[in-house]
Amino acid sequence: MSTILENKTTKSHTDNGLFPSNDVMLDLKKLKKVYPTPKGDYVVLEDLNLQIKKEEFVTIIGHSGCGKTTMLSMIAGLNPISGGNISVLGKYIKGPGPDRGVIFQAPSLMPWMTSLQNVLLGVNKVFPHATKGERHDIAKYYLQKVGLEGAFIKKASELSQGMQQRVGIARAFAIKPKVLLLDEPFGMLDSLTRGELQDILIEIWNKEKITAVMITHDVDEAIFLADRVVMMTSGPKAKIGDILNIDFERPRTRKAVLEHDDYYKYRKHLIDFLEH
Ligand SMILES: Nc1ncnc2c1ncn2[C@@H]1O[C@H](COP(=O)(O)OP(=O)(O)OP(=O)(O)O)[C@@H](O)[C@H]1O
């Protein structure tokens, strides 16, 4: 039994119990997505309801192809909604916006530009009234936060995959979004780099107090990072199947989490969901 983390009971629910509206950052109501296909309409998501609180870190798990990326890209405003609605702080979203930053599995940087120029692309767009010096300071601050202080003027094409993803993280935080959407951001990285970037992500998230929604296929990553793990049912017509509260205190260390009595209960809960 760990002395670092409090032992709390495992809570899970399937009713998406509503939170007080003042606490809610993201609200997905009766969300539906239909893709037209040559064989007819394919209903990926139907009647999907989910509320995410301000400053919450939520991870999303579910079988491959169930519709996780579809849901995230709809929240990002990059994929049209077929039914229902999504609101951020009570306002319906109508497309992409600087209130939502996105980190994809592949950071898709401009290869001929430096790390700094890549981060500045977003910063210049979102803060057009700031001075050039201020914009550079913001970009440099986040690049330094992700450990790239020595690589401001390195071209993206000269960076390793892990370094490129660091730029991707800096780029997303630098526009100071209210919500950060992450689609398997560490999926292509080796486990050491993955661990390092998880720590960096949590450190900045903790400081910036933004809301984070992250898709992952890694159950351990889902538990380590999240306040709640949201489980999606398999498609077609996927919805939220279950939600697991992760009650470990923050800041967390990997060692303390792994040694905690509840860790294996959480893990079993998620694996049982995925296996049935
Ligand atoms: N543009 C599209 N047109 C038609 N079908 C699509 C389109 N995009 C996705 N799909 C289908 O919708 C379903 C959900 O895809 P999506 O990428 O959202 O799943 P996912 O849960 O993120 O998968 P993975 O875990 O493998 O990344 C899949 O069956 C996919 O083939």
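In which hand does α3 cross α4? This is a predicted model, and in it α3 passes α4 in a right-handed crossing. The residues touching there are I138, A139, Y142, L143 and K145 on the α3 side, with A170, F173 and A174 on the α4 side. Sort that contact by class and you get seven nonpolar residues, one charged and no polar ones.

As for the geometry, two packed helices are described by the angle between their axes and the distance between the axes. Here α3 covers residues 132-145 and α4 covers residues 161-174, and they pack at an angle of about 135° with their axes 9 Å apart. An angle over 145 degrees would count as roughly antiparallel, and 65 to 115 as roughly perpendicular; α3 and α4 are therefore oblique to each other.

Now move on to strand β8, residues 179-183, where five of the five residues are buried. What covers the picture on each face? On one side sit V179, L181 and D183, on the other L180 and L182, and all of them are buried. β8 also has strand partners. Strand β7 (residues 100-103) runs parallel to β8 and is joined to it by four bridges; R100, for one, has V179 as its bridge partner in β8. Strand β9 (residues 211-215) is parallel to β8 too, this time with five bridges, and L181 finds its bridge partner in V213 of β9.

Follow the chain out of β8 and you reach E184, in the loop between β8 and α5 (191-208). Buried or exposed, which is E184? E184 has 20 other C-beta atoms within 10 Å, so it is buried. K209 has 8 C-beta neighbours inside 10 Å and so counts as exposed.

A glycine shows up just after helix α1: G77 takes a positive phi of about 85°. α1 itself spans residues 68-76, and its buried residues are K68, M71, L72, M74, I75 and A76.

Two cis peptide bonds are worth a look while you have the model open. One joins G235 and P236, with omega about -5°, and P236 sits in the loop between β10 (228-232) and β11 (240-245). The other joins R250 and P251, with omega also about -5°; P251 belongs to the loop between β11 and α7 (254-259).

Key:
Residues are numbered from 1 along each chain as its sequence is written. This is a predicted model: local features need pLDDT of at least 70, side-chain atom pairs count only at pLDDT 80 or more; totals for chains, interfaces and linings use all residues. Axes are lines fitted to C-alpha atoms, for helices over the stretch in contact, and angles run from 0 to 180 degrees between N-to-C directions. Helices (H or I, at least four residues) and strands (E, at least two) are DSSP runs, numbered from the N terminus. Angles under 35 degrees count as roughly parallel, over 145 as roughly antiparallel, 65 to 115 as roughly perpendicular and the rest as oblique. A crossing is left-handed if the near helix is turned anticlockwise from the far one by less than a right angle, and right-handed if clockwise. Two residues are in contact if their C-beta atoms, placed from the backbone, lie within 7 Å. Ala, Val, Leu, Ile, Met, Phe, Trp, Tyr, Cys and Pro count as nonpolar, Asp, Glu, Lys and Arg as charged, and the others, Gly among them, as polar. A residue is buried if 20 or more other C-beta atoms lie within 10 Å of its own, exposed if 12 or fewer, and partly exposed in between; C-beta atoms are placed from the backbone. Two strands pair if DSSP finds at least two bridges between them.
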